[in-house]
Amino acid sequence: MTPRRYPDPTPEPDDFDDLYEDADDADLDPDGEDPEALVDDYDRDGLQLDLAERLSLKRVAGMSTQVEDISEVEYRDLQLERVVLISVWTGGSEQDAENAMTELKALAETAGAQVLEGLIQRRKSPDPATYIGRGKVDELREVVVATGADTVICDGELQPAQLRNLEDKVKVKVIDRTALILDIFAQHAKSVEGKTQVELAQLQYLRQRLRGWGGNLSRQAGGRAAGGAGIGGRGPGETKIETDRRRINTRVAILRKRMRDLDATRENKRADRKRNRIPSIAIVGYTNAGKSSLLNRLTDAGVLVEDALFATLDPTTRRHTTPDGRVYTLTDTVGFVRHLPHDLVESFKSTLEESAQANLLLHVVDGSDADPVGQIQAVRTVLNDIDAGDVPEQLVINKTDQASTEALYALRTQFPEAIFVSARTGQGVDQLRAVAESRLPSPEISVDVLIPYERGDLMDKIHKHGQLITLEHTGEGTRVVARVHPELGGELKPFQVTTG
């Protein structure tokens, strides 16, 4: 079966500059309208200065000079420019295969590549030698030559032998889906923790693919051995691949120690929230489903928002209060994707644990996506992998302003418990906030206490960590009927009102 040619859709125009033009015009408004308020009214995401910084430096196609020594794949930087995509269709419907190719295209564009063409090959299983089969490699080479591509991206995790064989045939760089996702993470990581996690994942991926070719198998020895004679020339020495592996292992050990220190800091913060009985909500979902936009809409957090995959990697936590005064936290987590690389899951384990430790998961789904059900299944697979499958979940269908009426009707039928919102317009957000707050754990003990006015600290604890039912100011103090946790109930016991 010949490979299927996959057309390159025209990207949507970016309206980010228009946002700032509106803000500039507001400076001339005779009514004195605040430009920042205008931007905030536009989509509740703030001025997005981090996004402006990210967009200020883009890769330029055709400027790469890295065109030689294609055999040493593992030692080169990933500099994507003009790419051809290749995928093996092993099961599922034709629509599933095209959706997977569309996602691979989005990943490549997020990494800074210009996608020229995509090929889908129908096979029972990937070829163990060349991934797509020897006969189809020649056709891939013709497409590469015809389009002038300098990179081939495979929608799968390739073995070193497959990478080597493909590059020998097509004569350009070949990378797999895992390397592509790692490159995106490396571009978007900003915090010390994020950069450490990404580097650790990259080294673990690289360590499994080290191989020696030609001169790389030569032995390393000291003394006069380099001249071929003298003491020290005897013995096996150390191959270059062994030296590289040892250096990677040393660096991995350093990064893991650094991660343990960062994990200890994160665990201290979690312990503080648990000690104060602060409930937590984690926003999880597929990448680019609108998690950061939803957090901004709920809390005015000002988190970076971009129409790209894995735009934000670092988790952001914000405090919020219920109408009755209870404090809880909302955390935006890293997005998931189909076949998320195992090395990334391991490296980001401490970050993903925010989801496993939460009291409620807001599972955000892109309602305008071609396969929202597939997104839900992929996210739930990752949640099970990180032991968060048993955490209570509230399904949230986002981007209702972009989804078709037929798609929304199908989702309402299949997921009647879901809440439909639009983080951009604010539709349904109030309902989501009310439902999420109602599903937070409630204090267990009912109390009826009379608190002296000088014990304002106890009143503060009731407001923050309890559920206030009634409050009455009297001559002796404040009469409070509330529900509180057992620890706070013990502190309030001396002020219990006795009825007789």
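Modeller: A nonpolar core is a set of buried Ala, Val, Leu, Ile, Met, Phe, Trp, Tyr and Cys residues joined through side-chain atoms within 4.5 Å. The model in view is a predicted one. Its largest nonpolar core has 47 residues, and those that touch the most other members are Leu-85, Ile-153, Phe-185, Phe-310, Phe-336 and Leu-383. At least two residues of this core come from each of β2 (82-89), α4 (94-110), β3 (114-122), α7 (177-188), α8 (192-207), β8 (280-285), α11 and α13. Helix α7 gives the most, with six residues. Domain 1 (82-186) and domain 2 (277-439) each provide at least three residues of this core.

Apart from residues up to four places away in sequence, Leu-383 touches Val-284, Phe-336, Leu-361, Ala-388, Gly-389 and Glu-393. Two of these residues, Leu-361 and Glu-393, stand opposite each other, the latter in β12. Strand β11 (residues 360-366) runs parallel to β12, and six bridges join the two. Together with helix α13 (residues 372-385), β11 and β12 make a right-handed β-α-β unit. Strand β13 (residues 419-420) pairs with β12 in the parallel sense over two bridges, and Val-396 stands opposite Ile-419 in β13. Buried means under 20% relative accessible area. Five of the six residues of β12 (residues 393-398) are buried, so this strand is largely enclosed by the rest of the structure.

Ser-422 is placed in the loop between β13 and α15 (429-438). Its relative accessibility is 0%, and therefore Ser-422 counts as buried. Leaving aside neighbours within four places in sequence, Ser-422 is in contact with Asn-398, Lys-399, Thr-400, Asp-401, Gln-427 and Val-429.

Six of the six residues of β10 are buried. In a regular strand the side chains alternate between the two faces of the sheet. On one side of β10 lie Val-327, Thr-329 and Thr-331, on the other Tyr-328, Leu-330 and Asp-332, and all are buried, so that both faces are covered. Strand β8, which contributes to the core, runs parallel to β10 and is joined to it by four bridges. Strand β9 (residues 316-321) runs antiparallel to β10, with six bridges between them. Thr-329 in β10 has Ser-280 opposite it and also Arg-319. The hairpin of β9 and β10 has five residues between the strands, and there Gly-325 takes a positive phi near 95°.

The side chains of Arg-338 and Tyr-286 are joined by a polar contact of 3.0 Å. Not counting residues up to four places away in sequence, Arg-338 touches Glu-103, Arg-177, Tyr-286, Asp-371, Gly-374, Gln-375 and Ala-378.

Methods. Residues numbered from 1 in each chain as written. Predicted model: local features only at pLDDT ≥ 70, side-chain atom pairs only at ≥ 80, totals over all residues. Heavy atoms only, no water. Buried < 20%, exposed > 50% of the residue type's maximum accessible area, 1.4 Å probe, protein only. Pairing = 2+ DSSP bridges. Right-handed = clockwise from strand over helix to strand, strands pointing away. Polar contact = N/O pair within 3.5 Å; in protein donor to acceptor, adjacent residues only side chain to side chain. Contact = heavy atoms within 4.5 Å. Domains from an automatic or database assignment.
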